[in-house]
Every structure is written in C-alpha cells, then in structure tokens.
Amino acid sequence: MLKHKLYCILTVLACLVGGAAQAQNPIITNQFTADPTARLFNGRVYVYPSHDIPAAPGRGRAGWFVMEDYHVFSSANLTDWTDHGVIVTQNKVPWVKPDSYSMWAPDCIARNGKYYFYFPTTPKDTTINKGFTVGVAVADKPTGPFMPEPQPIKGVRGIDPNVFIDQDGQAYLYWSQGNIYGAKLKENMLELASEPVTLGELPTKGLKEGPYLFKRNGTYYLTYPHVANKTERLEYATSTSPLGPFTVKGVLMDESPTGCWTNHHSLLEVKNQWYLFYHHNDLSPTFDKNRSVRIDSLFFEPDGTIRKVVPTLRGVGLTDARQKIQLDRYSRLSSRGASIAFLDTSNTFQGWKTVFANNQGWVQYNDVAFGKQALKTVTLRVQAAAGATVQLRTDGATGPLLAQVTVPKSSQWQEIKAPVSAFKPGTHALVVSSKTNTPVAIDWVKFD
C-alpha cells in the first residue's frame, strides 16, 4: 500500500511538472508510459503514449490497466526527451464516461496545419457504443492545447486507433476489436469516408490488436501485436494496397523474455535510420500493467523484410560524457560478477544501479560523445562498504585507461572525483570494471 501511495504521488507530480529525460531504455522514467506512437513533425520527434497509473480505491480496477490522461514527449536527437505535460484528460472530454480510466493507446497526425490526436475510451452514452470507441482532439501545435471534438467518430467500435495518409492524400483509420479494421477518412479527419473493412488475411488464432501501418518503397506494412502463444509478440504483413489484402511476413519482435503480457509499438524513420518504439515493464517488474516506453534501432533486409529487433537496455542516441551516464542501461554486461538492481525497490522511478560483486565484473556502455575538448576529471556516484578500485576504459576491456578510481569505505552513497589520465576525443564505448573482490555499486558516471 505504501508503495502504491508513493507511485500515486509521483504520478501526480509528473502531471503537474514537465521534465527532461535521457534516452536509455526506458526513455521515460518519471511516470509509466505505454503504447507509443512516434511522429516526426518539423524535424522533431514527438511520442504520444498512453499513461499507466496504479489503481487506488475509487480510481480504476485493481490488477488492470488504469489510464486517465495523455502526455506528449518530444526530442530533437532521440537522446534528450521533454515532457510537455497533459494534453487530453478523461473528465474534460464531453463524450467520455467520467472516471472510466480507459484512455488507451492513441495516435496523432498532422494535416493542413492542424494536429489530430486520436484516442480510444469508453463513452458515457451507451447508445453510441457499449464498449470502446474512438474520438479526436485537434490542435494548432503538436504539443497542444488540444480541443476534443464533442462526439466520437461515428461507426468506429474498438481501440488502438492508427492513422495513415497516403501519397495521394487519402487518409485511413485503423483500429482493433477482436480483428483489425480499416476505413477511409474524410479530408476533415473527423469522419469515416467508407464502411469499415476487416483485414482478414491475418492470423485467426490468438488476440490481435494495436495496428500500425506505414509505407516503404511502394509496399504497405501492417504491423500488430499478436498473442501466438501466451504473451504478445510484434508481427507484420505487407500489401500493395492500404486496405489489403495482406500477406503475413513474420515476427519483428519476439515475446517478452520476462513475461510482460502486452507490447504495442510504432515505427519511424529519422535521418535514414528506422526505429521501433515499443514498451516493456522495466519500472514495474512484478506488475505488467504499469509499463514503460523503449526505443531500439530497426533494419530492413535488401528484399524489404524486417530484421527482427532484439530489445536492449541501451536504447538509441548518443550520451554526452558531461551528462550522468547510467551504466545500468548497458550495451554489454559480463556474464559473471556484474548485475543490475533498483536503487530503491519502494520507488523504482529512482532508477537502477550497476552492482559489481568482484573483479570479474564489467559493463560496457556504447556511444558516449566525449567531444573535442579534453576532459579533466570523472565523478562516480558509488557505494562500497569495504572500499574498492574501479577502472574506466574506452573501446573495450583492454582499451586505453581513462581513469582509475579509489573508492573509500562507506555504506552510504558517495560522489568520488578522480583525474582523467588519457583523454581520447570523439565517440567511444565506455567500459567500467571492478579491480577488487569487494562489492561495489555505481549509480552513474560523469566527466568534466
């Protein structure tokens, strides 16, 4: 109960105050986020996720998804993310059932100088729909303010809206409800222009939801989560038409190795590199209804098939050496002697630490931008009850020695500064290792 109260307080604070985050996975660590749709508007990436919060008496259903509003996040470099705050909230939308806590996976798209935000939830008028339907909120900027339409889109029954505008200007809406459906949208982006069709060439066994359609080299790719076994994996199918027929091609991300039941995603190309935005329950490992957004790079084979994405903790983007480098979001970890743990299990939003049990432990963190100007010192936030010696190297376990840090004995966290002995300009992997057989934990590393 105490943990849930603390989560709730932090969630409220996150709603009131915008903030910045750095891009290791998960990319957002001040609140729970899921179902990310990523869009590129005016050279900047915007992510529109759903917002998980813990259930409480009178607030949502215990043990289930609880969502009351939406935030938007943006980045110019996929590394530093800004929370622009709440853009739509359930009890300020005229047609939404009050306190229904069902603001599920959204989407947003730009057209004719306006931004159209699509979201599914429960209507208070059951003559419209007894289950979920989809509404639209409109803004002049990608961060809002968004003004909800007074009524949801007529003829849509379901969740997980996704919008696609083809090269000929025709817009399409996709959604899910047992099957995956698609229909044309009118140019006003607020009404269907055709009757919904079932995209029926997809697997018939197991749950399908969360459609995301994009076009590449003349091929339409329909991607979707599918429960082929016990939990969702991400699959895709292709077509020569936005409404099919589609041919199932394969899996683009396997099921969660830790059993997170859902996954939900989008794909985006930025500066000739494709990325997969998806979610996992990193910040809530014992409860998979509180999830967190991740990003990993995605690649196409020469024949157009999608190479399967292997999830990472490192994520994407560069990390400035002058910022706090969170080693726990590693690129590689030694098979023995090193592990990752929460700093505080009662407040997982504080993040993780890297724990070295002995001198067999090391961690590698790729893509650190050291810059051109020589760095003189390194600071570690570190804890070692019996004391320890830590080494930092570039480009591998036997690479140039950046610094050797002597950590004094203390059961408390300390910030220890040491000189940098051999600066190497440019972008490099950072390797940190323990040289003693006594346990040592590191929260972050920062150069100056």
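These legends go with several close-up views of a predicted model.

**View 1**
On the domain 1 side, 12 residues are in contact with 10 residues of domain 2.

**View 1. The largest nonpolar core.**
Here we're looking at the largest nonpolar core, which has 30 residues. Val-378, Leu-392, Leu-430, Val-445 and Phe-447 have the most contacts inside this core. At least two core residues come from each of β25 (362-369), β26 (377-384), β27 (388-394), β28 (401-407), β29 (410-419), β30 (427-434) and β31 (440-447). Zoom in on Leu-392 and, leaving aside residues up to four places away in sequence, you'll find it touching a list of neighbours that includes Val-378, Leu-380, Pro-400, Ala-403, Leu-430, Val-432, Val-445 and Phe-447. Another core, of 23 residues, lies apart from this one, with Tyr-48, Tyr-70, Val-88 and Phe-132 among its members.

**View 2. Trp-95 and Phe-119, a stacked pair.**
The structure holds 24 aromatic pairs, and this view picks out one of them. The ring centres of Trp-95 and Phe-119 are 5.8 Å apart with the planes at 15°, so this pair counts as stacked. Trp-95 and Phe-119 are both buried. They also belong to one aromatic cluster, together with Tyr-48, Tyr-70, Phe-117 and Phe-146.

**View 3. Trp-104 and Phe-132, a tilted pair.**
In this pair, the ring centres of Trp-104 and Phe-132 are 4.6 Å apart and the planes are at 40°, so the pair is tilted. Again distant parts of the chain are linked, with Trp-104 in the loop between β5 and β6 and Phe-132 in the loop between β7 and β8 (133-139), 28 residues apart. Buried means under 20% relative accessible area. Trp-104 is therefore buried, at 18%, and Phe-132 is buried too, at 16%.

**View 4. Charges over rings.**
Two spots are shown here. Arg-216 lies over the face of Phe-300, 3.9 Å from the ring centre. The charged end of Lys-289 sits over the ring of Phe-65, at 5.7 Å from its centre.

**View 5. An open sheet of 4 strands.**
Going across this open sheet, the strand order is β10-β11-β12-β13, and the pairing is antiparallel. At the edges are β10 (159-165) and β13 (197-198), each pairing on one side only. Strands of a sheet pair through backbone hydrogen bonds. Between β12 and β13 there are 2 bridges, and Tyr-181 has Thr-198 in β13 as its bridge partner.

**View 7**
Strands β11 (residues 171-177) and β12 (residues 179-185) run antiparallel and are joined by 7 bridges. Tyr-174 has Gly-182 in β12 as its bridge partner, and Ser-176 is partnered with Ile-180 in β12. The hairpin has 1 residue between the strands, and Gly-178 takes a positive phi near 85°. As for burial, β12 is mostly covered, with 5 of its 7 residues buried.

Notes. Residues are numbered from 1 along each chain as its sequence is written. This is a predicted model: local features need pLDDT of at least 70, side-chain atom pairs count only at pLDDT 80 or more; totals for chains, interfaces and linings use all residues. Side-chain values use heavy atoms; hydrogens and water are left out. A nonpolar core is a set of buried Ala, Val, Leu, Ile, Met, Phe, Trp, Tyr and Cys residues joined through side-chain atoms within 4.5 Å. Buried means under 20% relative accessible area, exposed over 50%, partly exposed in between (1.4 Å probe, protein chains only). Contact means heavy atoms within 4.5 Å. Rings of Phe, Tyr and Trp (its six-membered ring) pair if their centres lie within 6.5 Å; planes under 30 degrees apart count as stacked, over 60 as edge-to-face and the rest as tilted. A charge sits over a ring if NZ of Lys or CZ of Arg is within 6 Å of the ring centre and within 35 degrees of the ring normal. Two strands pair if DSSP finds at least two bridges between them.
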